[in-house]
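Open the model in your viewer and keep the sequence panel beside it. This tour goes stop by stop, with a selection at each one.

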Amino acid sequence: MQAYAIYALKRLAQFVLVVFIGINLAYLISHATPIDPVEQTVSAATSFGNASPEAILMMRASLRELYGLEGGAVSQYAAFWRRVLVGDFGPSLSAFPTPVSTLIGRALPWTVGLLSVSTCLAFALGNLLGGLAGYFRESRILKLAGIAAMAVHPIPYYIVAFVLLIVFGYLWPVLPISGGYRINTPWGWNAEFVLSVVTHAILPVASLVLVGVGGWFMGMRSLVSNIVSEDYVVYAELAGVSRGRILGAYVMRNALAPQVTGLAMSLGSIFNGAIITEQVFGYPGIGTLLIQAVHAGDYSLVIGIASVSIVAVSVAVLIIDLLYPLLDPRVKVA
Amino acid sequence: MSALLDIDRVGMTYVSGTLLARRVVRAVDDLSLRLEAGRPEIVAIIGESGSGKTTLARMILNLATPTDGVIRFRGTDVAKIRSNHARADFMRQVQPIFQNPFEAFNPLKRVDRYLFMSARRLADARGAEVDALADRALHQVGLSLAELRGRFPHELSGGQLQRAAIARALISAPKLIVADEPVSMVDASLRMSIVNLFRSLRDELHVSIVYITHDLATAYYISDRVLIMQRGRAVESGAAREVLANPQHPYSRLLKASVLSPEDAGKPTIAANT
């Protein structure tokens with residue numbers, strides 16, 4: 001137990017370090033952008049008429065003051081960390097004066113819901129089918145499932161997404177193709193709203209699952225087909241342990257540990273997928289917000305989104321890492 | 001005298017590939033072997049890799065069904081054992097020992113659990129009996145329950161694991177042990193102790209052992225009878241000393257000639273001469 005506590009502490013320190021470096025990088029990169037939000041606002045304002053050079057100068061000065069861009073690089077950086085630690089990323093520059101945290105708070109549940117449902121579904125479905133396909137190697141249906149998974153897997157994600165859109169939104173228009181819920185539906189825990197959220201999520205979730213499931217399927221199938229020939233499985237078969245129990249408790253259980261490592265690793269790139277998904281399906285999540293922020297040069301918002309994603313992914317990986325020793329006794333916890 | 005194990009003209013054909021590119025492999029061909037009940041002995045089945053010895057072991061253990069011929073254990077056709085109950089009953093009397101000790105136990109399960117499960121399922125032990133039975137079996141192989149308790153397979157050495165696997169096989173007091181290359185992955189210093197263990201199993205516990213190996217030296221050392229296999233066929237069989245001292249079949253002679261003896265040490269090899 002003490003060994004586990006040391007392991008958990010080490011892992012926690014690593015988590016803090018990763019988050020610190022990640023947020024610093026986000027700050028650095030977003031401040032290196034050539035897009036100046038002040039100049040963008042100034043040019044937007046002056047494009048309508050002839051403003052005198054003095055007026056433009058005055059406007060620029062007041063905008064800088066408003067956006068908190070006064071002071072040197074060091075004092076800006078110090079102020080940034082002071083605010084990050086209390087979860088305040090300042091006001092959004094493009095949607096002034098709404099705080100960045102409000103914008104993120106509005107978008108985050110959509111993305112987290114979408115990604116957690118589709119990741120869990122793809123992982124569960126892919127591993128279950130892959131395990132069955134590796135164990136019952138003669139089954140025609142499972143062979144077919146394998147061919148289908150292998151066929152869909154290499155197709156670029158956006159193609160799969162567009163095909164789904166065309167099929168279910170245009171050729172056979174049964175599902176909504178855009179948005180996170182039906183417009184003009186009152187928010188709340190009522191059947192109508194929940195149903196509209198679910199129907200709007202079907203296509204984006206389906207696209208992510210379709211593309212994601214193949215990798216888990218193939219990984220699990222090859223792991224399982226190696227494990228079934230191991231002597232301890234043969235011994236269990238000899239002893240008359242039921243096939244279901246052999247598959248569950250011996251074969252899939254042993255193949256699960258490397259797959260969970262894979263899950264932790266794949267979480268790192270999960271937000272990239274969200275950006276494309278949300279663009280294609282017009283989903284009101286973090287990805288859409290990030291694209292808007294980048295176009296507007298709203299670096300408060302970019303840093304806010306990047307920081308939240310870094311923390312979210314790191315927390316997910318941390319949880320998996322902390323659970324991992326419970327899954328596999330061979331992992332040295334000390 | 002009744003037969004313990006009667007392998008009667010058994011053959012096994014594997015067909016692989018698709019309709020267009022079929023490959024037919026005759027892994028075992030027309031092989032017969034009989035072990036008598038009430039006269040425990042060690043029968044070595046010797047052959048190179050691919051000679052069909054592992055297929056034969058799998059057929060004896062009912063892990064593969066022969067395509068022709070029949071294997072009877074105490075008069076029952078082994079291939080007809082299907083139900084879980086019948087399998088458990090067969091397992092009480094016939095136990096396997098595998099080549100790779102690191103694969104013989106589920107890496108996620110504690111080794112002692114295997115012994116306890118065997119004691120409960122195969123020897124019908126309950127309560128304190130379970131521990132006692134496991135401990136006795138472990139003592140027979142030079143281990144003890146105290147050493148193994150709570151340990152996972154990765155915490156034990158290959159030699160300890162292989163001995164634990166043998167202990168597991170002993171719990172149900174079997175009549176027959178099928179050992180497929182049981183010492184080929186154990187280091188040389190432990191090899192002899194395991195081989196000697198087999199001998200004492202025969203003499204003290206009256207277990208018959210089918211000892212599958214490619215190693216002539218240990219086969220000569222412990223077995224009563226040998227059967228030499230080449231490409232699925234038995235090319236020579238008989239009392240171990242006679243066959244190995246004076247092999248008749250060209251393949252048996254070749255096998256014997258390829259064994260390195262201590263006198264050969266230091267001599268230039270054939271490759272060096274040419």
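Is the crossing of α5(A) and α11(A) left-handed or right-handed? Hold that thought while you make the selection. This is a predicted model.

**Stop 1: the helix pair.** Select residues 100-135 of chain A for helix α5, then residues 270-280 of chain A for helix α11. Look along the line joining the two axes. The crossing is right-handed. The helices pack at an angle of about 115 degrees, and their axes lie 11 Å apart. Angles of 65 to 115 degrees count as roughly perpendicular, so α5(A) and α11(A) fall in that class.

Now show the side chains at the contact. From α5(A), pick A:T111, A:L114, A:L115 and A:T119. From α11(A), pick A:I270, A:A274 and A:T277. Colour the residues of this contact by class: four are nonpolar, three are polar and none is charged.

**Stop 2: all of chain A.** Zoom out and switch to cartoon. Chain A has 13 helices and zero strands. Step along the sequence and the pattern reads α-α-α-α-α-α-α-α-α-α-α-α-α. The C-alpha trace spans about 90 × 60 × 40 Å along its principal axes. Of the 334 residues in chain A, 29% are buried. Next, consider the contacts in chain A with a separation of 6 or more: 72% of them join residues 24 or more positions apart.

**Stop 3: strands of chain B.** Select residues 3-16 of chain B for strand β1 and residues 23-36 of chain B for strand β2. The two run antiparallel, joined by ten bridges. Find B:A3, then look across to its bridge partner in β2(B), B:E36. Follow the chain into the turn. β1(B) and β2(B) form a hairpin, with six residues between them. Stop at B:G17 in that turn, where phi is positive, at about 85 degrees.

Pick B:L5; its bridge partner in β4(B) is B:F73.

**Stop 4: where the chains meet.** Show both chains and select the residues in contact. Chain B contributes 18 residues and chain A contributes 15. Then highlight residues 84-93 of chain B, helix α2: the largest share of chain B's side comes from there, with four residues. Colour the side of chain B that touches chain A by class to finish: eleven residues are nonpolar, four polar and three charged.

Note on methods: Residues numbered from 1 in each chain as written. Chains lettered and ligands numbered in written order. Predicted model: local features only at pLDDT ≥ 70, side-chain atom pairs only at ≥ 80, totals over all residues. Contact = placed C-beta atoms within 7 Å. Nonpolar A, V, L, I, M, F, W, Y, C, P; charged D, E, K, R; others polar. Pairing = 2+ DSSP bridges. Axes fitted to C-alpha atoms, helices over the stretch in contact; angles between N-to-C directions. Parallel < 35°, antiparallel > 145°, perpendicular 65-115°, else oblique. Left-handed = near helix turned anticlockwise from the far one by under 90°. Buried ≥ 20, exposed ≤ 12 C-beta atoms within 10 Å, placed from the backbone.
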